[in-house]
Amino acid sequence: MPNVPAVSALPRRDQIRKEAARLFAARGFLGVGVDEIGKAVGISGPGLYRHFSGKDAMLADLLVGISERLLEEGRRRAGEAGGTSGPSGALDALIGGHVDFALDDRDLIILHDRELLHLKEEDRRRVRRLQRGYVELWVGVVREAFPPLADPGAEPLARAAVHAVFGLLNSTPHSAAPHSAQADRSGLPRDAMAVLLHSLAQGAFAAAAASVATAAPTGPTGPTGRAGQAGPDGRGAAEDGPEAPTAAAAEG
C-alpha cells in the first residue's frame with residue numbers, strides 16, 4: 001500500500017495558526033518566513049495568502065484570538081459554575097480554564113511574552129483591553145469567593161494576588177517541556193501538574209485573604225496598608241503590566 005500523508009482533522013486556517021504559533025515560539029516572529037509556515041502545513045508560501053494577508057496578520061490573529069478566547073471562556077465558565085456552586089465554584093472554574101490554557105497552549109504564552117511588541121498599535125491596544133477585562137473578571141470573582149478581600153481597602157491586594165497567580169500559571173513554558181503530553185521537566189504528568197497548579201492558585205488567594213483577616217488597619221488604605229497598593233493609582237499592573245495570557249498568557 002503506498003504511503004499516504006496523514007490528513008489533519010483541523011481546518012486549513014487552524015493548521016496554519018498552530019504551525020505559525022509553534023514556529024514563532026521556537027524561533028521568533030522575525031526568524032520565520034511565510035514559506036516555512038506554508039511548508040509546515042503542506043502548501044506553498046503564496047497559498048497562505050488565501051487565509052492570511054501576511055505574517056503580521058497571523059500574529060495578530062493568534063494574540064488577539066487567545067485574548068478573546070480567555071475572556072469569553074472565562075465569563076462562560078464563571079457564569080455557569082457560579083450559578084450552581086456560588087463564587088467558590090466560579091473561581092474553581094476560572095482557575096481550571098487558565099490551567100488548561102497554560103499547559104496546552106504554551107506557544108501562545110511565549111508569543112505574548114516575546115512578540116507582543118511586533119503587533120500593530122491598534123492590535124496591541126485591543127489585546128490590552130481584552131486582558132484588562134479578563135483581569136477584572138478574576139478580581140471580581142476572587143473578592144466574592146474570599147469575603148475578606150471584598151473590603152474596599154483590600155481591592156489592591158486582591159488584584160495583586162490575581163497577577164501573582166497569573167505569573168505562577170503562565171510560568172509553565174519555563175518549567176515544562178513544550179508539547180509534552182506525559183511529563184514535564186519535574187517528572188509530573190500533565191494531569192498531576194494541573195492539580196498542583198490549581199492547588200497553588202487557590203492557596204495564593206487563601207493566603208491573601210488570611211493576610212487581610214489578621215492585619216490591623218494601618219491608615220486610609222485599609223487593612224492592607226501600603227503593602228496592598230499595587231501602584232500609584234491602586235490598580236497595579238492592570239493597565240500596562242504583564243497580564244493574563246499571557247498576563248502569560250495572559251493585560252500582558
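Which residues have the most contacts inside the largest nonpolar core? They are Phe24, Ile37, Leu91, Trp138, Leu149 and Phe205, and the core has 64 residues.

## Basis of the model

This is a predicted model, in which local features need pLDDT of at least 70 and side-chain atom pairs count only at pLDDT 80 or more, while totals for chains, interfaces and linings use all residues. Residues are numbered from 1 along each chain as its sequence is written, and side-chain values use heavy atoms, with hydrogens and water left out.

## Overall architecture

The protein chain contains 8 helices and 1 strand, arranged from the N terminus as α-α-α-α-α-α-α-α-β. Helices (H or I, at least four residues) and strands (E, at least two) are DSSP runs, numbered from the N terminus. Of the 252 residues of the protein chain, 47% are buried, where buried denotes under 20% relative accessible area, exposed over 50%, and partly exposed in between (1.4 Å probe, protein chains only).

## The nonpolar core

A nonpolar core is a set of buried Ala, Val, Leu, Ile, Met, Phe, Trp, Tyr and Cys residues joined through side-chain atoms within 4.5 Å. The largest one has 64 residues. At least two of its residues come from each of H1 (12-27), H2 (34-41), H3 (55-104), H4 (106-115), H5 (121-145), H6 (155-169) and H8 (190-214). H3 supplies the largest share, 18 residues.

Leu91 is among the core residues with the most contacts. Apart from neighbours within four places in sequence, Leu91 is in contact (heavy atoms within 4.5 Å) with Trp138, Val141, Val142, Ala145, Phe146, Gln202 and Phe205.

Among the buried residues of H8 are Leu197, Gln202, Phe205 and Val212.

## Helix packing

The axes of H5 and H6 come within 9 Å and cross at roughly 120 degrees; axes are lines fitted to C-alpha atoms, for helices over the stretch in contact, with angles from 0 to 180 degrees between N-to-C directions. The crossing is right-handed, meaning that the near helix is turned clockwise from the far one by less than a right angle, whereas anticlockwise is left-handed. Residues of H5 including Tyr134, Trp138 and Val142 meet a set in H6 that includes Ala158, Val162 and Phe166. This contact has 9 nonpolar, 1 polar and 4 charged residues; Ala, Val, Leu, Ile, Met, Phe, Trp, Tyr, Cys and Pro count as nonpolar, Asp, Glu, Lys and Arg as charged, and the others, Gly among them, as polar.

H3 and H4 pack at about 120 degrees with axes 9 Å apart, in a left-handed crossing. The H3 side includes Leu59, Ile66 and Phe101, and the H4 side includes Leu108, Leu111 and His112. The residues in contact divide into 10 nonpolar, 1 polar and 3 charged.

## Two buried leucines

Leu169 lies in H6 and is buried because its relative accessibility is 0%. Leu169 and Ile95 are 74 residues apart in sequence, yet their C-alpha atoms are 9.1 Å apart. Beyond four places in sequence, Leu169 is in contact with His98, Val99, Ala102 and Leu197.

Leu23, in H1, counts as buried at 9% relative accessibility. Leu23 touches Gly28, Val32, Glu36, Ile37 and Ala40, not counting residues up to four places away.
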